[in-house]
Amino acid sequence: MKKRLFGLCLCLLAGAAVFSGGVNYDMMRQAAPKEVTNMATIPDDTYEAAVILGAGVQHNYPMPLLKERLDGGIALYERQKVKKLILS
């Protein structure tokens, strides 16, 4: 009985991992064309908002990845490319 329950749990866990990986892949695929990696490629339009994805904070300071994202968002705001910054 325990062996059967263990097998069932293992199958459910594997299924959940495959499902979440698929969802993550699909989200990344859809977001890739809208991702900005170079300020020079941003059109002259002004956008309503930019979403800055969260990352780690340690001892009340942003981790390097979050700092890079925040700096990019601030640059967009200062250049009047976006009206608002939305932080997640």
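Tutor: Let's go from the overall fold to single residues.

Student: Before that, what kind of model is it, and what gets counted?

Tutor: This is a predicted model, where local features need pLDDT of at least 70, side-chain atom pairs count only at pLDDT 80 or more, and totals for chains, interfaces and linings use all residues. Residues are numbered from 1 along each chain as its sequence is written, and side-chain values use heavy atoms, with hydrogens and water left out.

Student: OK, where is confidence lowest and where is it highest in the protein chain?

Tutor: Helix α1 (residues 2–31) is lowest, with a mean of 75, and β4 is highest at 93. The protein chain averages a pLDDT of 81, and 86% of the residues score at least 70. pLDDT is the predictor's confidence in each residue, from 0 to 100.

Student: And what pattern does the protein chain follow along the sequence?

Tutor: α-β-β-β-α-β, which comes to 2 helices and 4 strands. Those are DSSP runs numbered from the N terminus: helices are H or I with at least four residues, strands are E with at least two.

Student: How much of the protein chain counts as buried?

Tutor: 10% of the 88 residues. Buried means under 20% relative accessible area, exposed means over 50%, and partly exposed is in between (1.4 Å probe, protein chains only).

Student: Let's switch to α2. Which of its residues are buried?

Tutor: L66, G73, A75 and L76. The buried residues of α2 pack against β1 (47–52), β2 (57–58), β3 (61–62) and β4. Contact here means heavy atoms within 4.5 Å.

Student: How far does α2 reach, first C-alpha to last?

Tutor: It reaches 21 Å with 15 residues, close to the 21 Å expected at 1.5 Å a residue. The expected span is 1.5 Å times one less than the number of residues.

Student: What follows α2?

Tutor: Q80 does, with a positive phi near 55 degrees. K81 is in the loop between α2 and β4.

Student: Is K81 buried or exposed?

Tutor: K81 is buried, at a relative accessible area of 15%. Leaving out residues up to four places away in sequence, K81 touches I42, P43, D44, D45, T46, Y47 and L76.

Student: New topic: how many salt bridges does the structure hold?

Tutor: 2. A salt bridge needs a side-chain nitrogen of Lys or Arg within 4 Å of a carboxyl oxygen of Asp or Glu. The side chains of E48 and K83 form one of them, at 3.1 Å, N to O. E48 is in strand β1 and K83 in strand β4, so this pair ties together parts that are 35 residues apart in sequence.

Student: And which side chain does K67 meet?

Tutor: K67 meets D71 in a salt bridge at 2.9 Å, N to O. They are 4 residues apart in helix α2, so about one helical turn separates them. K67 is partly exposed at 43% relative accessibility, and D71 is partly exposed at 37%.

Student: Last one: which residues form the nonpolar patch?

Tutor: I74, Y77, L85 and L87, with about 370 Å² of accessible area together. α2 (64–78) and β4 (82–87) each supply at least two residues of that patch. Patches take residues with over 30% relative accessible area and no salt bridge, joining like charges within 9 Å and nonpolar side chains (Val, Leu, Ile, Met, Phe, Trp, Tyr) within 5 Å. Accessible areas come from the Shrake-Rupley method with a 1.4 Å probe, and for residues only the protein chains shown count as cover. L85, in strand β4, counts as partly exposed at 31% relative accessibility.
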